[in-house]
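Student: Please take a close look at the ligand site and describe what surrounds the ligand.

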Amino acid sequence: MLKVIIVAGARPNFMKVAPLVAAMKRRSHEFHLILIHTGQHYDAAMSDAFFRDLEMPEPDVHLGVGSASHAVQTAEVIKAFEPYVINEKPDWVVVVGDVNSTIACALVCAKLNVKVAHVEAGLRSRDRTMPEEINRILTDQIADLLLTPSVDADENLRAEGIPPQRISFVGNVMIDSLIANLERAKKSTARADLDLANKDYAVLTLHRPSNVDDQGAFARILDALEQIAQRLPIVFPAHPRTRKMIDELGLTERVEKMKGLLVIDPAGYLDFLQLLSGARLVLTDSGGIQEETTVLGIPCITLRENTERPITVEMGTNKIAGTEASKIVEAANAALDHPPDKSAMKIPPLWDGKAADRILDALLDIQPNA
Ligand code: UD1
C-alpha cells in the first residue's frame, strides 16, 4: 500500500487532480490517499464549484494560503505544507501543472528527501517572463518522476539532461476529466441562461499578467474583440484578477459598453464545458483550454506569442495569434470562414481518458525507496 499526498492549489489543478483522486479511491487496496488543498485559489467560484462539479471529496487538509505576491504566496505554501509532509511521511507526493503551489510543494519534498511526482511535466513555452515557465523548469529539475502528457515534453526533458528513467509518458490527465464529464455537462443550463444559440457564439478567457496587467496589451485585445463581436456574441467568464485589472486600468466603461461582449462570473467546470463545447470559436490565453478545444475539435485562437503546448497547433485546432489586434481578427475571421475539417483533425496520443490509471501504475512501478 502506497501512502500518497496529492496537492491541489489553483483552478487549473482541480481537473487534473480529480481523475487521480477517483482512480485512487477505486484502487484503495493499493493507495492510501491524502488530498491537500493549498488554498491558492479560494473563491467559491474558483475552487468549491470545481470540487462539487468534479465530485471530489473535501480535502483532508486545507492550508488556506490565499493570494499574495509570487514570493510570499510560494513561501506561505512551503511553510504550511512542510509539517504535513514531516508528519505523514508519504511514499509519494504528487503535484500537478505549473502554478505556484506546484513548485512550492515539490521543493518541500526535495529538501525532505520525499519522492515527488510531477504530472504534466516537460511542457515548455521558452518564455521565462511567464511565472508558470519558471515553475515548470524548477519542478522538473527536482521531481523524481516526470509524468508527461505528450512526446514533445519527453524531448524537452531529455534535452535538459533529465535521465530517461525519471520520465514516463502517460498522456493527458486533464482530458480524463473532459471525457468523463462531457455527458454531464449537457445538463447544464449555462447556454440557455445566457440565451446563446449552439455554435453561434465565441468563448473568451483572459487572465495572464502579460495580457491583463498591461494597459496597452489589454486595450489591443479589446480592439480585436470589438471587431469579432460584430460577427458573433462573445461570452467572457472573467477571472477575478482580470475583473480587478479592468477596474484598475480604467477599462470598465469600455468593456461594459462593448456590444456583443457578455462578461459573466467565472463559470463552474460543467457550465464551462457546456459553453466551450457549444462554441463556434474560442479565444484564450489559458493553457488547458488549448488542449480541450483540440479534443473537442473547436477552433482556438491563443492570445499569446507562444505556447507550451505545441502539439495543439501541430495536431489540433490551435492557432497562436499573439496580441496584435489585426492578427487576432485575421485569425478569428479565418477560423469562422473556414472551420477546421473534423475528419483531418487528430487527437494526440494517449489523450484517451485513461491517463490517471497510467499515472498510478507509474507510481507503483518505481519503488519509492529504491
Ligand atoms: C494562477 C496560476 C496560473 C493559472 C491561473 C488560473 C500561478 C503562478 N499562476 O494564476 O498558471 O492559469 O491560476 O486561474 O500559480 N484571486 C481571487 N480569488 C481566487 C484566486 C485569486 O480573487 O480564488 C485574485 C487575487 O486578487 C489574486 C489574483 O487573483 O491576487 C491572482 O491569483 P493567483 O493565484 O496569484 O494567480 P492567478 O492569476 O490566478
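**The ligand site**

Tutor: A polar side-chain atom of R241 lies 3.1 Å from an oxygen atom of the ligand, which is a polar contact, that is, a pair of N or O atoms within 3.5 Å. The model is predicted: local features need pLDDT of at least 70, side-chain atom pairs count only at pLDDT 80 or more, and totals for chains, interfaces and linings use all residues. Residues are numbered from 1 along each chain as its sequence is written, and side-chain values use heavy atoms, with hydrogens and water left out.

The shell comprises 21 residues, the closest being Q40, H41, E132, H207 and K244; a residue belongs if one of its heavy atoms lies within 4 Å of the ligand. By class, the shell has five nonpolar, nine polar (Gly counts here) and seven charged residues.

Helices, taken as DSSP runs of H or I with at least four residues, contribute as follows: α1 (11-26), α3 (70-88), α5 (131-142) and α11 (240-248) each supply at least two shell residues. The most come from α11, with three. Domain 1 (2-172 + 351-365) and domain 2 (188-344) each provide at least three residues of the shell, the bounds coming from an automatic or database domain assignment.

Conventions: A polar contact is a pair of N or O atoms within 3.5 Å; within protein, one must be able to donate a hydrogen and the other to accept it, and residues adjacent in sequence count only if both atoms are side-chain atoms.
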